[in-house]
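Please look at the sequence and the structure before reading the points.

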Amino acid sequence: MSILDKSSKAYQRLASNLNRVLERALKKFAPPPKMGSLEWANTYRFMSPEQTARPGKYRDTPTPWIKYMLEAMDDPRVRKIVCLKSAQAAWTDGAWNNFLFRRIHLAPCPIVLLFPKEKTIRKYRDQKFDPS
């Protein structure tokens, strides 16, 4: 009996393994899931102890206003967003980083992030973007 004999066990195992390999390979080419920044954050984001007093899986329940900011940021028709807010109101980690990280993960594109001084961008990078 030859491995080319379709009734052989070796052929059946080979065909089965090949099908599994092809299925796994084709999944890599599937388009990314369509989801907004809030859904992405609630699904994929984890907060470090350096970022928050509530480390672990991201939850939007402590900051319900973030939902509306993210909806505006995700809407391609919105060209400008102005937020009147207090300091430490979850803008950077709740709104901006969730939007930015979803774009990096699911819809990569060029993004320019401007800060008034180099010292400010370094602080953002070290404390908010990559705090661990």
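Cys109 is partly exposed, with a relative accessible area of 34%. The structure is a predicted model. The points below start with the cysteines and then turn to the helices and the core.

- Cys83 is in no disulfide, and the nearest cysteine sulfur, that of Cys109, lies 19 Å away.
- The cut-off for a disulfide is a pair of cysteine sulfur atoms within 2.5 Å.

**Helices H3 and H4**
- Two packed helices are described by the angle between their axes and the distance between the axes.
- Helix H3 covers residues 66-74 and helix H4 covers residues 91-106; they pack at an angle of about 35°, and their axes are 10 Å apart.
- The crossing of H3 past H4 is right-handed.
- On the H3 side, the contact is made by Ile66, Met69, Leu70, Met73 and Asp74.
- On the H4 side, the contact is made by Trp91, Gly94, Ala95, Trp96, Asn98, Phe99 and Arg102.
- By class, eight residues of this contact are nonpolar, two are polar and two are charged.

**The nonpolar core**
- In soluble globular proteins, nonpolar side chains tend to be buried together.
- Here the largest nonpolar core has 17 residues.
- Trp40, Ile66, Leu70, Met73, Ala95 and Trp96 have the most contacts inside this core.
- Helix H2 (37-44), H3 and H4 are the elements that give two or more residues to the core.
- H4 gives the most, with six residues.
- Not counting residues up to four places away in sequence, Trp96 touches Met73, Trp91, Ile111, Leu113 and Tyr124.

**Ile66**
- Where is Ile66 placed? Ile66 is in helix H3.
- Is Ile66 buried or exposed? Ile66 is buried, because its relative accessible area is 0%, and the cut-off for buried is under 20%.
- Leaving aside neighbours within four places in sequence, Ile66 is in contact with Tyr58, Ala89, Ala90, Gly94 and Ala95.
- Ile66 and Ala15 are 51 residues apart along the chain, and their C-alpha atoms are separated by 50 Å.

Methods
Residues are numbered from 1 along each chain as its sequence is written. This is a predicted model: local features need pLDDT of at least 70, side-chain atom pairs count only at pLDDT 80 or more; totals for chains, interfaces and linings use all residues. Side-chain values use heavy atoms; hydrogens and water are left out. Axes are lines fitted to C-alpha atoms, for helices over the stretch in contact, and angles run from 0 to 180 degrees between N-to-C directions. Helices (H or I, at least four residues) and strands (E, at least two) are DSSP runs, numbered from the N terminus. A crossing is left-handed if the near helix is turned anticlockwise from the far one by less than a right angle, and right-handed if clockwise. Contact means heavy atoms within 4.5 Å. Ala, Val, Leu, Ile, Met, Phe, Trp, Tyr, Cys and Pro count as nonpolar, Asp, Glu, Lys and Arg as charged, and the others, Gly among them, as polar. A nonpolar core is a set of buried Ala, Val, Leu, Ile, Met, Phe, Trp, Tyr and Cys residues joined through side-chain atoms within 4.5 Å. Buried means under 20% relative accessible area, exposed over 50%, partly exposed in between (1.4 Å probe, protein chains only).
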